[in-house]
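Welcome, and thanks for taking a look at this one. Please have the sequence and the 3D view open side by side as you read.

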Amino acid sequence: MGTYTLPVDGSGNGKGIYLCEVDTVSGELGSLKLAAETPSPSWLSLHPSRKYLYAVNEISTFEGNSGSVTAFEIDSQTRELRSLNTVNSGGAGPAHMSMDATGKFAFVANYIGGSIAVLPILPDGRLGSACFLHKDTESLGPKHASSAPPGSFAISGHDAPHAHMIQADPQNRFVLYADLGQDRIYISSFDSAKGQLTPAANPFVAYPPGDGPRHFAFHPNGRWFYSIQEEASTLAFFRYDSRSGALAHQQTLSTLPARYEGTNFCSEIVIAANGRFLYGVNRLHDSIATFSIGTDGMLQLIDDTPTQGD
């Protein structure tokens, strides 16, 4: 698991990437140890071969004013990490990365810099310099989300473009990325031979002003797409056309209990492997919202479980 080693929205007390054992029957966590020291590895991605691990270093001081990404080789016996190399992430404050289905390219979303980057993954697991860089600069959303709960003072993220997540679709034909500051999810065609992105025929889907799309997930069937909005505390469901990359909105609902008033900031979204349930994280309300997924893809809130921490 990754930690903040430098202050970000508070304190940073970690030293890098930690390893712990998990009992897959009871869920109990075992011994915890430091696997590798690296600056603020806030997001980790495992290579499809399971031989390499990649960490975004959410900093703004690499090679002047950028963030970085570090590649590690995983020891198959001890699970310890050996650093391979570190490269420029293509912008400040990288917050998310993922890989294409072939494991030949890494996609990076730089939150502070507002840019996205494609990095080649070399045969030995090391990372190459960015082969594609892009930053969208169109209109920004307002500070206050139009769909936020009553009494919310959530105003972060709309001062500039903020790329927050980037991922290829299940067919490896399109790459989608969320820009929280612009209240959009962008859709690009992906050239899996060259690592290049070009805007799709329908290049983005717009959200209600100020809602701040942050993370998203594809359903295992590849036809349904869900996103979580940080400022509005909502989940949105779209039908996904894998031929064109187009998203068609179907449903939006709150991640919070009925009649909730006050501020909340959503973070991540996860879909169960069986495709029947979806989980979204609420911060300040400090809960995990559990939704059932119907046979038509529609969502229904069934529980809000306290996280037992802030």
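Predicted model: local features only at pLDDT ≥ 70, side-chain atom pairs only at ≥ 80, totals over all residues.

Disulfides number 0, and the second largest pocket has a volume of about 460 Å³.

**The salt-bridge network**

- Side chains of opposite charge can pair when their charged atoms come close.
- Arg214 and Glu230 meet through their side chains in a salt bridge, with an N to O distance of 2.7 Å. Arg214 belongs to strand S15 (residues 213-218) and Glu230 to the loop between strand S16 (224-229) and strand S17 (234-240), so this pair ties together parts that are 16 residues apart in sequence.
- Glu230 also forms a salt bridge with Arg283, where the closest N and O atoms are 3.5 Å apart. This second pair links distant parts of the chain, since Glu230 sits in the loop between S16 and S17 and Arg283 in strand S20 (residues 277-283), 53 residues apart.
- Is Glu230 buried or exposed? Its relative accessible area is 6%, under the 20% cut-off, so Glu230 is buried.
- Arg214 counts as buried as well, because its relative accessibility is 14%.
- Arg283 has a relative accessible area of 32%, so this residue is partly exposed.

**Another salt bridge**

- Asp124 and Arg126 also join their side chains in a salt bridge, at 2.7 Å from N to O.
- Both partners have some accessible surface: Asp124 is partly exposed with a relative accessible area of 37%, and Arg126 is partly exposed with 33%.

**The second largest pocket**

- How big is the volume of the second largest pocket? The value is about 460 Å³.
- This pocket is lined by 13 residues, and the closest to its centre are Leu19, Leu46, Arg50, Leu53 and Ile74.
- Strand S1 (16-22) and strand S3 (41-46) are the elements that give two or more residues to the lining of the second largest pocket.

- Ser49 is found in the loop between S3 and strand S4 (52-62).
- With 35% relative accessibility, Ser49 counts as partly exposed.
- How far apart in space are Ser49 and Leu299, C-alpha to C-alpha? They are 33 Å apart, while their separation in sequence is 250 residues.

**A nonpolar surface patch**

- Val270, Tyr279 and Ile288 make up a nonpolar patch on the surface, and together they have about 210 Å² of accessible area.
- Ile288 has a relative accessible area of 32%, which means that the residue is partly exposed.

**Cysteines**

- A disulfide is a covalent bond between the sulfur atoms of two cysteines.
- How many disulfides does the structure hold? The count is 0.
- Cys20 counts as partly exposed, because its relative accessibility is 24%.
- Cys266, in contrast, counts as buried, with a relative accessibility of 0%.

Note on methods:
Residues numbered from 1 in each chain as written. Heavy atoms only, no water. Disulfide = S-S within 2.5 Å. Buried < 20%, exposed > 50% of the residue type's maximum accessible area, 1.4 Å probe, protein only. Patch = residues over 30% accessible without salt bridge, like charges linked within 9 Å, V, L, I, M, F, W, Y side chains within 5 Å. Areas by Shrake-Rupley, 256 points an atom, 1.4 Å probe, with all protein chains shown as cover. Salt bridge = Lys/Arg side-chain N within 4 Å of Asp/Glu carboxyl O. 1 Å grid on protein atoms, 1.4 Å probe; cavity = no way out; pocket = protein on both sides within 12 Å on 5 of 7 lines; lining within 4 Å. Points joined across faces, edges and corners; volume = space filled by probe spheres on them. Helix = DSSP H or I, 4+ residues; strand = E, 2+ residues; numbered from the N terminus.
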